[in-house]
Amino acid sequence: MDGSVHHIVPSFFICPISLQIMKDPVTISTGMTFDRESIQKWLFSYKNIACPITKQPLSDFRLTPNSNLLRLIQSWHLQHASSSTTKFAEPNHDALMKVLLEEIKQPHLQVKSLRKIKSLIQENHGDNSRISCIRDDSVFSLAVSLVVQTELPGIPQITGNDTPVIAEAVSLLCLLSPSDEALKMVSQNENGLLICSLCSIMTQYLNNLQLRIQAALVLKSIFEVVDDIYKEGLKFEFFENIIEILKDQNSKHGSMAVLAILIRVLSYGKNKEKAIKGGCTPILIELLAEEDERHVCEMMLVVLEKLCQKAEGRAAFLSHPAGMAAVVSKILKVSHVGDDKSISLLSCVLRFCTSSGEAAQEFMEVGGMTKICLVIQSGICNSKTKEKAREILEFHFKTWNKSPCFPSSFKA
């Protein structure tokens, strides 16, 4: 306790527009009271003709001084003039949100309004009951409209002048939790315009890593709910640029979002080929070799396994000097899921390399055979994983059986 006396400012002293104590309270024809400066800007500078709270059209624009309220405010100030600390009572958040949703439709107020909405949501994190608008998905739909309006049909071009609005709108989308139904509907609207817009942000804002990470976080949520057709046809540049986010180890959330996206989309269209061409395989190998966190390792192994289902992916894996060692090192070290994915990945690679002794030799040299034998003998791995391990033994058994490193208990 700091010993300070905290005085709560009555909520009806606060202007619904400025969120500050009113200096000159005036009442408009709908009976709502605002600070004179704020309502004058609303009506005369911004050319609004409706009440900010009730949305009723105003036929009478007279501002009537609220003398009684002004006296109360002045009296309160006198009573607490010596207070060291003043705390504001919570304003009517629903009313404020309605004002902001109206303001956001005006281009010159969009950035300011988006920031106010974000501030409201962050203040009320964990208590959504205080802002019912957020639960209604209306804020989400509005933020989406600000992102997609920058991409014209047939011209996926985002202009530099729109950057602040786009950045704030995407940042707001990251804070919202729309229902799965709303997210799916909005994302699939107009043939997936939101997905296209977010992908364009990923590929065009190369100097704004934070914006690209936030776009990836939104796309992660979208790809969890949309139909499979919207996961096809992603551009090569998209994969090329999300891989750049993987490289940035300062953003764990961004890396996790990219891995989740890859897991969701690689099975569709030509996405595997594009990811491989974009350099995904070597980056994942290098990151996997240094990673210890269980869930991250599991996700990386899942993605690598998917990439190695293609000949180009297997070639990229085998050409990396640390590929085999990185995967083998995770066996019996990460988790049951990690064991299964590591064995599946190695099975995929070694199955198609039976004519090449180099891969088999490298596997033996990095301790792969020892790990496989431990998996088979282990009491902690499931039967499916053990069966895959036995299959790996059969791929190059003649070669490995001659090696002095091959366990005698497995020799023919």
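Modeller: Phe 223 lies in helix 9, which covers residues 209-223. Helices (H or I, at least four residues) and strands (E, at least two) are DSSP runs, numbered from the N terminus. The model is predicted: local features need pLDDT of at least 70 and side-chain atom pairs count only at pLDDT 80 or more, while totals for chains, interfaces and linings use all residues. Residues are numbered from 1 along each chain as its sequence is written, and side-chain values use heavy atoms, with hydrogens and water left out.

Phe 223 counts as buried because its relative accessibility is 0% (buried is under 20% relative accessible area, exposed over 50%, partly exposed in between, with a 1.4 Å probe and protein chains only). In sequence, Phe 223 and Ser 187 are 36 residues apart; in space, their C-alpha atoms are 9.2 Å apart.

Most residues other than glycine have a negative phi. Asn 191 has a positive phi near 60 degrees, and it is not a glycine. Asn 191 sits in helix 8, residues 180-204. With a relative accessible area of 70%, Asn 191 is exposed, whereas Phe 223 is buried. Leu 19 also has a positive phi, of about 65 degrees, although Leu 19 is not a glycine. Leu 19 is placed in the loop between strand 1 (6-9) and strand 2 (25-27). Its relative accessible area is 30%, so Leu 19 is partly exposed. Another loop residue is Ile 49, found between helix 1 (36-45) and strand 4 (64-65). Ile 49 counts as exposed because its relative accessibility is 56%.

Now the charged contacts. The whole structure holds 16 salt bridges (a side-chain nitrogen of Lys or Arg within 4 Å of a carboxyl oxygen of Asp or Glu). One of them joins the side chains of Glu 168 and Lys 118, with an N to O distance of 2.8 Å. This pair links distant parts of the chain: Glu 168 belongs to helix 7 (residues 163-175) and Lys 118 to helix 4 (residues 110-123), and they are 50 residues apart. Glu 168 has a relative accessibility of 11% and therefore counts as buried. Lys 118, at 14% relative accessibility, counts as buried too. Glu 168 and Lys 118 also belong to a network of salt bridges that includes Arg 115.

In one, the side chain of Arg 351 meets that of Glu 391 at 3.5 Å, N to O. Arg 351 is partly exposed because its relative accessible area is 40%. Glu 391, with a relative accessible area of 27%, is partly exposed as well.

The other is made by Glu 387 and Arg 390, with the closest N and O atoms 3.8 Å apart. Glu 387 has a relative accessible area of 41%, so Glu 387 is partly exposed. Arg 390 counts as partly exposed at 35% relative accessibility.

The structure holds 1 cavity of 30 Å³ or more. On a 1 Å grid over the protein atoms alone, a cavity is a set of points where a 1.4 Å probe fits but cannot get out, and lining residues have an atom within 4 Å of a point. The largest cavity has a volume of about 40 Å³, counted as the space filled by probe spheres set on the points, which are joined across faces, edges and corners. Its lining is made up of Gln 249, Lys 252, Ser 255, Met 256, Glu 291, Val 296 and Met 300. Helix 11 (252-265) and helix 14 (294-307) are the elements that give two or more residues to this lining. Helix 11 supplies the largest share, 3 residues. By class, the lining has 3 nonpolar, 2 polar and 2 charged residues (Ala, Val, Leu, Ile, Met, Phe, Trp, Tyr, Cys and Pro count as nonpolar, Asp, Glu, Lys and Arg as charged, and the others, Gly among them, as polar).

How values were computed. 1 Å grid on protein atoms, 1.4 Å probe; cavity = no way out; pocket = protein on both sides within 12 Å on 5 of 7 lines; lining within 4 Å.
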